[in-house]
Amino acid sequence: MKQEDDLMISDTMSKKNVGEVKVHVLDVGEGESILVDSEKTMLIGCGPKSFSKKVIDYLHAQTITTIDILLLSNLERSRIGSCDRIFNEFDVKKIIQNSE
């Protein structure tokens with residue numbers, strides 16, 4: 001992994017018969033927000049509100065306009081505080097959340 005502007009980013013991976021898959025792990029303080037970019041785009045966690053600008057700027061830098069799946073595995077404020085800004089900035093097609 002390499003470090004870029006306080007965001008951890010993993011390298012591109014590919015699997016046979018799947019095509020290219022890019023996994024980006026963003027350090028958002030108390031955890032991470034993970035962007036999986038392939039034929040569809042999935043964002044796992046939004047991060048706290050204090051990191052919303054960094055997450056959004058990073059997604060824009062990757063030319064992301066649509067998030068096909070937003071996966072919220074933990075509904076604590078520190079993990080989903082940026083979600084309202086994500087909804088305003090991107091076309092979020094589907095939300096999956098932990099039922100707890």
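A residue is called buried when its relative accessible area is under 20%, and this cut-off is used in the legends below for a predicted model.

**View 1. Threonine 41 in its strand.** Threonine 41 lies in strand 6, which covers residues 41-44. Because its relative accessibility is 8%, threonine 41 counts as buried. The side chain of threonine 41 is joined to that of aspartate 37 by a polar contact of 3.5 Å. When residues up to four places away in sequence are set aside, threonine 41 touches Leu35, Val36, Ile64, Thr66, Ile67, Asp68 and Ile69.

**View 2. The largest nonpolar core.** This core has 17 residues, and those touching the most other members are Leu43, Leu59, Ile67, Leu70, Ile86 and Phe90. At least two core residues are supplied by each of helix 1 (52-61), strand 7 (66-72) and helix 3 (83-89), and helix 1 gives the largest share, with 4 residues.

**View 3. The surroundings of leucine 59.** With neighbours within four places in sequence left aside, leucine 59 is in contact with Leu35, Leu43, Ile64, Ile67, Ile86 and Phe90.

**View 4. The protein chain as a whole.** The chain contains 3 helices and 8 strands, which follow one another from the N terminus in the order β-β-β-β-β-β-α-β-α-α-β. Of the 100 residues in the chain, 37% are buried, while the accessible surface comes to about 6200 Å², with 48% of that area belonging to carbon and sulfur atoms. Among contacts between residues at least 6 apart in sequence, 51% join residues at least 24 apart.

Terms used: Residues numbered from 1 in each chain as written. Predicted model: local features only at pLDDT ≥ 70, side-chain atom pairs only at ≥ 80, totals over all residues. Heavy atoms only, no water. Buried < 20%, exposed > 50% of the residue type's maximum accessible area, 1.4 Å probe, protein only. Polar contact = N/O pair within 3.5 Å; in protein donor to acceptor, adjacent residues only side chain to side chain. Contact = heavy atoms within 4.5 Å. Areas by Shrake-Rupley, 256 points an atom, 1.4 Å probe, with all protein chains shown as cover. Core = buried A, V, L, I, M, F, W, Y, C linked by side-chain atoms within 4.5 Å.
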